[in-house]
Structures are given as structure tokens and as C-alpha cells.
Amino acid sequence: MLETIDEVVEFMKDPPIFMMVGKGSNIVINPEGNVRTIMQISPYLSKEIIENTFLTVGSGMSITRCLSLCQKYGLSGLEFAAGVPASIGGMVAMNFGCWGIEVGNIVSRVRVVKKGGAIQWLTSKECQFGYRTSIFQSQNWVVTDVQFCLSKSTPEDIQASIKASIKQRLNKQPLRDKTFGSIFKNPPGQHVGKLLEDLGYKGKQFQNVQLSRKHANFLLNTGKATFQDVKSVIVTIQEEVITQTGIHLKPEVHLVT
Ligand SMILES: Cc1cc2nc3c(=O)[nH]c(=O)nc-3n(C[C@H](O)[C@H](O)[C@H](O)COP(=O)(O)OP(=O)(O)OC[C@H]3O[C@@H](n4cnc5c(N)ncnc54)[C@H](O)[C@@H]3O)c2cc1C
């Protein structure tokens, strides 16, 4: 774990083949795979900074902790992500989104450390946010801090909004189960959860994993699922769906081989 900005710079001066991990809520790693060095940013790397409606936090902070700060300082905009076990860095790298809102919409700038050790602030535009993607998917840079542009609200309204988000999520997603979030991205113009449900996948049990009864695009670990169990179910569903509909489903979850 990288604890300070100096440690990040030192690490990036001549890094081995590595992968950054936030809270790991969108990743399944093959323990026998090629990625040997996995790095994480400490939740305490940076102290939060509040300037008017701008909130800057370290990338290792959890969204839950970040929302506590938002509530304390009366800053609204991130409540839609309440309840998800994610870090700020992971949310930015994935351009986390739901219900028509994406994190990229409220990111003002992002501090990164590039290979060689250079520190740079990127504007939101330079982050190249797209549907569940950003420049951090193609560049192995370390996100260390994120500045959000939020709006003024009251702690009471933010708390109510957080509660409403969690309630909505609990109704629609298996938030309390062993899961990694969406298996597949939505194909253009389609909702993948509905597509899988219509094809009879909701609740379907495979070896050690099951498609959620709440949401067909969530995979649950119902036993001691291995990387191979997860991969083989994803490939099976992809093959079956393309045969039945002609649609190629692209994984949203990162299978790290
Ligand atoms: C119950 C549940 C519900 C979910 N609901 C949603 C949802 O509504 N919408 C949605 O979009 N996702 C959802 N997800 C998926 C997941 O939470 C998001 O993709 C989230 O953004 C991942 O955050 P993380 O910290 O766990 O990142 P990880 O899974 O650890 O990493 C994700 C990506 O970010 C990169 N990364 C992480 N930290 C850094 C860093 N500091 N610097 C550079 N790159 C970094 C990783 O290399 C990886 O490519 C859900 C997951 C769960 C378990």
C-alpha cells in the first residue's frame, strides 16, 4: 500500500508490471496470473480540502467516508453512489455511474503520478471520461487525488438523499451479497439486466456462482467460486447471448488474467 505522495512518486520512477486496485469491487484477479504487483493507495494519503463547493479527497478514500464528509460540509452531488463498496480512485477510473449520472460529470480535476514520477493535475476533459471508461483504463497512471465540483445543500437533505439511494439500490441490487457489480456493460440502446432477464438468466445457478434474483447482471459467489468459475460463466453467457440475439456482450468487470 502506498501511504504518501512521496512513496507513489518513488514507486512510479521505475515501476514493475503492476496494477492499481481501489476496493476491488470491479475486479476478479486470477491468483495464478501474470500480474504479480498489485498496489493500493492508502485512505490517509491526503487530507481533504474544501474550497467553496469544491471538495478534494485522496483516491484511496471510500465513497462511504467521502459521503460522510459531504454530509458534514453540506456538499451534494455524490449521493447516487451511496452504499457501493468502492474507492474514489476506482470510481474515477471506471467513471462510475447509475441512474443516468456519472462521476465524470462532477469531477473537476484529478491528480496523477505518471511513469517516471511526474505529478500532474488533469482536467476533467483530459480524463477522457466515457461509458464506464476513462484515460486511466489505457494509461497505467496512479490517481492520487480527485477534486469534485459539488453543490451546496444541507446535511439533513444530503442524509435523506443518501438513505434514499441506499434504499433504491437495496431494492434493485444484491448489495449485501458477495458480488462485484455489473457483469456486462449495456449494449448500445439496451439494458443488459432486462436483456438477460428476458433470456431467462435471472436467478440461474451455475457451479459456485449464481445470477442474482434481484438483478440478472449481477453474479453472486454462492460457494467457493474461483477465477475460472467466474470466467467460464461469463464466456458461456456471452456465447449463448450472441447465438440467441446476435448481441456481443462486453464485460464491465475486469478479469485480470
Ligand atoms: C454491490 C455493487 C454495486 C455496484 N454498483 C455499481 C453502479 O451502480 N455503477 C457502477 O458504475 N459500478 C458499480 N459497481 C462496480 C464498482 O463498484 C465500480 O466499478 C467502482 O468504480 C470500482 O471501485 P473500486 O475502488 O472497487 O475499484 P477497483 O475495482 O479496485 O478498480 C477498478 C478499476 O480502477 C482502477 N483503479 C483503482 N484505483 C486506482 C487508482 N488509484 N489509480 C488508477 N487506477 C485505479 C483499477 O486499476 C481498475 O481498472 C458496483 C459494485 C458492487 C459490488
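Colleague: Which ligand atom is 3.2 Å from the side chain of His254?

Modeller: An oxygen atom of the ligand, facing an N or O atom in the side chain of His254 at 3.2 Å. A polar contact here is a pair of N or O atoms within 3.5 Å. This is a predicted model, in which local features need pLDDT of at least 70, side-chain atom pairs count only at pLDDT 80 or more, and totals for chains, interfaces and linings use all residues. Residues are numbered from 1 along each chain as its sequence is written, and side-chain values use heavy atoms, with hydrogens and water left out.

Colleague: How far from a ligand oxygen are the backbone N or O atoms of Gly22 and Met91?

Modeller: For Gly22 the distance is 2.7 Å, and for Met91 it is 3.5 Å.

Colleague: How much of the ligand's accessible area does the protein cover?

Modeller: The protein covers 96% of the 980 Å² that the ligand has on its own; accessible areas come from the Shrake-Rupley method with a 1.4 Å probe.

Colleague: Which residues come nearest to the ligand?

Modeller: Met20, Gly22, Ser25, Ser87 and Gly97, out of 37 residues around the ligand. A residue counts as near if one of its heavy atoms lies within 4 Å.

Colleague: Which element gives the most to that shell?

Modeller: H3 does, with 5 residues. Helix H3 spans 88–94; helices are DSSP runs of H or I with at least four residues, and strands are runs of E with at least two.

Colleague: Why does the ligand lie between the two domains?

Modeller: Domain 1 (5–161) and domain 2 (174–256) both give residues to the shell, so the ligand lies between them. The domain bounds come from an automatic or database domain assignment.

Colleague: Changing topic, how many salt bridges does the structure hold?

Modeller: There are 7, a salt bridge being a side-chain nitrogen of Lys or Arg within 4 Å of a carboxyl oxygen of Asp or Glu. One of them joins Arg111 and Asp145 at 2.7 Å, N to O. Arg111 lies in strand S9 (residues 107–113) and Asp145 in strand S11, so the pair ties together parts that are 34 residues apart in sequence.

Colleague: Is Asp145 buried or exposed?

Modeller: Asp145 is buried, at 4% relative accessible area. Buried means under 20%, exposed over 50%, and partly exposed in between, with a 1.4 Å probe and protein chains only. Arg111 is buried too, at 17%.

Colleague: And what does Glu252 pair with?

Modeller: Glu252 forms a salt bridge with Arg132, the closest N and O atoms being 3.7 Å apart. Glu252 counts as buried at 11% relative accessibility, and Arg132 at 12%. Through shared partners, salt bridges join Glu102, Arg132 and Glu252 into one network.

Technical notes
Polar contact = N/O pair within 3.5 Å; in protein donor to acceptor, adjacent residues only side chain to side chain.
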